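Here is a colleague's note for a first reading. Keep the sequence and the 3D view open side by side as you go through the points.

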Amino acid sequence: MGVSGSGKTTVGTRLADVLGVDYAEGDDFHPAANVTKMTAGTPLEDVDREPWLDALAGWLAERSGRGAVLTCSALKRIYRDRLRASAPDAFFLHLDLPRGELERRLAARRGHFMPPSLLDSQLATLEPLEPDENGSTVDGTRSPDDLVREAVAALER
């Protein structure tokens, strides 16, 4: 989990490979209306995210008991709670990075519908993991391989 540009896809695909489980990119589940809205630089509201979260939750539920890696922003606790309702054992890995690094990454990214101008809205929406949530917050500036090793170690605990 994390804001756009935090490295979710890079870390998530590698983690799924290491674990030998299915992988899905949460952006692929957005309805066309959401993609259009974000492409235009308009932040999504909770109501916009509902069908997206339902699709993500359904994907997770289909893999219950087998394990899977899903990358998505999961910015608010209520979004994570909604996903946990379908996958009670879900573990959230929050890739946390300083604003300057996020800006640098977003400026360099090509071919993605999420414009850098939406970073402020994502950072304002982000609710860090709470102590009672199953998950871990990690320094997203570390190498993807280090982050995968840390995620595997956290999952084994």
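1. **Second pocket, main contributor.** Start with the second largest pocket: α1 supplies the largest share of its lining, three residues. A pocket is found on a 1 Å grid over the protein atoms alone, as an open set of points where a 1.4 Å probe fits, with protein on both sides within 12 Å along at least five of seven lines; lining residues have an atom within 4 Å of a point.

2. **Ground rules.** This is a predicted model, in which local features need pLDDT of at least 70 and side-chain atom pairs count only at pLDDT 80 or more, while totals for chains, interfaces and linings use all residues. Residues are numbered from 1 along each chain as its sequence is written, and side-chain values use heavy atoms, with hydrogens and water left out.

3. **Second pocket, size and make-up.** The second largest pocket holds about 400 Å³ of space. Its lining has 25 residues, and S4, K8, D27, R109 and H112 are the closest to its centre. At least two lining residues come from each of α1, α3 (46-62) and α5 (99-108). By class, the lining has 12 polar, seven nonpolar and six charged residues. Here Ala, Val, Leu, Ile, Met, Phe, Trp, Tyr, Cys and Pro count as nonpolar, Asp, Glu, Lys and Arg as charged, and the others, Gly among them, as polar.

4. **Largest pocket.** About 720 Å³ of space lies in the largest pocket. A volume is the space filled by probe spheres set on the grid points, which are joined across faces, edges and corners. Of its 29 lining residues, L60, A68, V69, A90 and F91 lie nearest the centre. Two or more lining residues come from each of α1 (8-19), β2 (68-71) and β3 (92-96). Helix α1 gives the most, with five. The lining divides into 20 nonpolar, five polar and four charged residues.

5. T10 lies in helix α1. At 37% relative accessibility, T10 is partly exposed. Buried means under 20% relative accessible area, exposed over 50%, and partly exposed in between (1.4 Å probe, protein chains only). T10 and H112 are 102 residues apart along the chain, and their C-alpha atoms are separated by 14 Å.

6. **Nonpolar surface patch.** Which residues form a nonpolar patch on the surface? They are V18, L19 and L155, with about 250 Å² of accessible area together. Such a patch joins nonpolar side chains (Val, Leu, Ile, Met, Phe, Trp, Tyr) within 5 Å, from residues with over 30% relative accessible area and no salt bridge. Areas come from the Shrake-Rupley method with a 1.4 Å probe. L19 lies in helix α1 and is partly exposed, at 37%.

7. **Salt bridges.** How many salt bridges does a search of the whole structure find? It finds 20. A salt bridge is a side-chain nitrogen of Lys or Arg within 4 Å of a carboxyl oxygen of Asp or Glu. One network of them links R77, R80, D81, R84, E130, D132 and E133.

8. **D22 and R66.** These two form a salt bridge, with the closest N and O atoms 3.5 Å apart. D22 sits in strand β1 (residues 22-25) and R66 in the loop between α3 and β2, so the pair ties together parts 44 residues apart in sequence. D22 is partly exposed at 35%, whereas R66 is exposed at 52%.

9. **D120 and R99.** Their closest N and O atoms are 2.2 Å apart in a salt bridge. D120 is in helix α6 (residues 119-125) and R99 in helix α5, so the pair ties together parts 21 residues apart in sequence. D120 is partly exposed at 46%, and R99 is partly exposed at 38%.

10. **R63 and E62.** The side chains of R63 and E62 meet in a salt bridge, at 3.2 Å from N to O. Buried or exposed? R63 counts as buried, at 15%. E62 counts as exposed, at 55%.

11. **A backbone angle to check.** Most residues other than glycine have a negative phi. A74 is not a glycine, yet its phi is positive, about 45°. A74 is found in the loop between β2 and α4 (77-86). At 1% relative accessibility, A74 counts as buried.

Conventions
Helix = DSSP H or I, 4+ residues; strand = E, 2+ residues; numbered from the N terminus. Patch = residues over 30% accessible without salt bridge, like charges linked within 9 Å, V, L, I, M, F, W, Y side chains within 5 Å.
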